[in-house]
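Please view the sequence and the structure together before reading on.

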Amino acid sequence: MLDHLVAGGLPHGISCGDNLVKECEEDAGIVKSIASQAIPVGVVSYMDIDGYRYKRDVLFCYDLKLPESFVPKNQDGEVGSFRLIPVELVADVIQKTEFFKLNCNLVIIDFLFRHGGIDELISDGKSHGPSWLIGRHAESAKVSTTTAPRSTYIQECYSSSNENGTPMTGGPSS
């Protein structure tokens, strides 16, 4: 499964900002001086319903522009590998596959709308609205236009029970 560059639960007793700095260092080796420049951009909340199991979750979202020379390096052994993927491909993967974890789709779709990535991907001249990309992942998204980044890092998650590091599911090739 594919995941965000940095992600993690919010432990009791730690602020969102402090947790962001901690997770940036652990997941990708992003130093505090860079991680502290992350801009809080909102939250995505959702409910995962599986039979009689209901799980509510809130994802705190941040944008962080990394130096062009930055190469992520996992520090805590919880990440299998990283890939730098063009934003257009990330949107295509979300629309056509189930390679990303479901909660990642929501955050990435929000990112694409906020940075104008959705408008750039519609090439048939028709107005598709949010449902064009979101489909089964969500019912609505915030829409605004700015300039979309050219590419984004994602992490490839591996099963902890898999000793040889084989991905749990296939993913797009780099």
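The model is predicted, so local features need pLDDT of at least 70 and side-chain atom pairs count only at pLDDT 80 or more, while totals for chains, interfaces and linings use all residues. Residues are numbered from 1 along each chain as its sequence is written, and side-chain values use heavy atoms, with hydrogens and water left out.

**The chain as a whole**

The chain contains 6 helices and 5 strands. Helices (H or I, at least four residues) and strands (E, at least two) are DSSP runs, numbered from the N terminus. In sequence order, these elements form the pattern β-α-α-β-β-β-α-α-α-α-β.

Of the 174 residues in the chain, 34% are buried. A residue is buried under 20% relative accessible area, exposed over 50% and partly exposed in between (1.4 Å probe, protein chains only). The accessible surface of the chain is about 10600 Å², and carbon and sulfur atoms supply 52% of this area. Such areas come from the Shrake-Rupley method with a 1.4 Å probe, and for residues only the protein chains shown count as cover.

Contact means heavy atoms within 4.5 Å. Among the contacts in the chain with a separation of 6 or more, 66% join residues 24 or more positions apart.

**Helices H3 and H4**

Two packed helices are described by the angle between their axes and the distance between the axes. Helix H3 covers residues 87-96 and helix H4 covers residues 102-114; they pack at an angle of about 135 degrees, and their axes are 11 Å apart. H3 is therefore oblique to H4. The axes are lines fitted to C-alpha atoms, for helices over the stretch in contact, with angles from 0 to 180 degrees between N-to-C directions. Angles under 35 degrees count as roughly parallel, over 145 as roughly antiparallel, 65 to 115 as roughly perpendicular, and the rest as oblique.

H3 contributes Val-87, Val-90, Ala-91 and Ile-94, which meet Asn-105, Ile-108, Ile-109 and Leu-112 of H4. The residues of this contact divide into 7 nonpolar, 1 polar and no charged. Here Ala, Val, Leu, Ile, Met, Phe, Trp, Tyr, Cys and Pro count as nonpolar, Asp, Glu, Lys and Arg as charged, and the others, Gly among them, as polar. Leu-112, a residue of helix H4, is buried because its relative accessible area is 2%.

Ala-28 belongs to helix H1, which spans residues 16-28. With a relative accessibility of 1%, Ala-28 counts as buried. Apart from neighbours within four places in sequence, Ala-28 is in contact with residues including Leu-5, Val-6, Phe-70 and Lys-73.

Asn-19 also has its place in helix H1 and, at 5% relative accessibility, counts as buried. Not counting residues up to four places away in sequence, Asn-19 touches Gly-8, Gly-9, Leu-10, Pro-11 and Ile-14.

Lys-73 sits in the loop between strand E3 (53-63) and strand E4 (81-86). Lys-73 is exposed because its relative accessible area is 53%. Beyond four places in sequence, the contacts of Lys-73 are Asp-27, Ala-28, Gly-29 and Phe-82.

| Residue pair | Separation in sequence | C-alpha to C-alpha distance |
|---|---|---|
| Ala-28 and Gln-75 | 47 residues | 6.7 Å |
| Lys-73 and Asp-27 | 46 residues | 7.5 Å |
| Leu-112 and Ala-91 | 21 residues | 7.9 Å |
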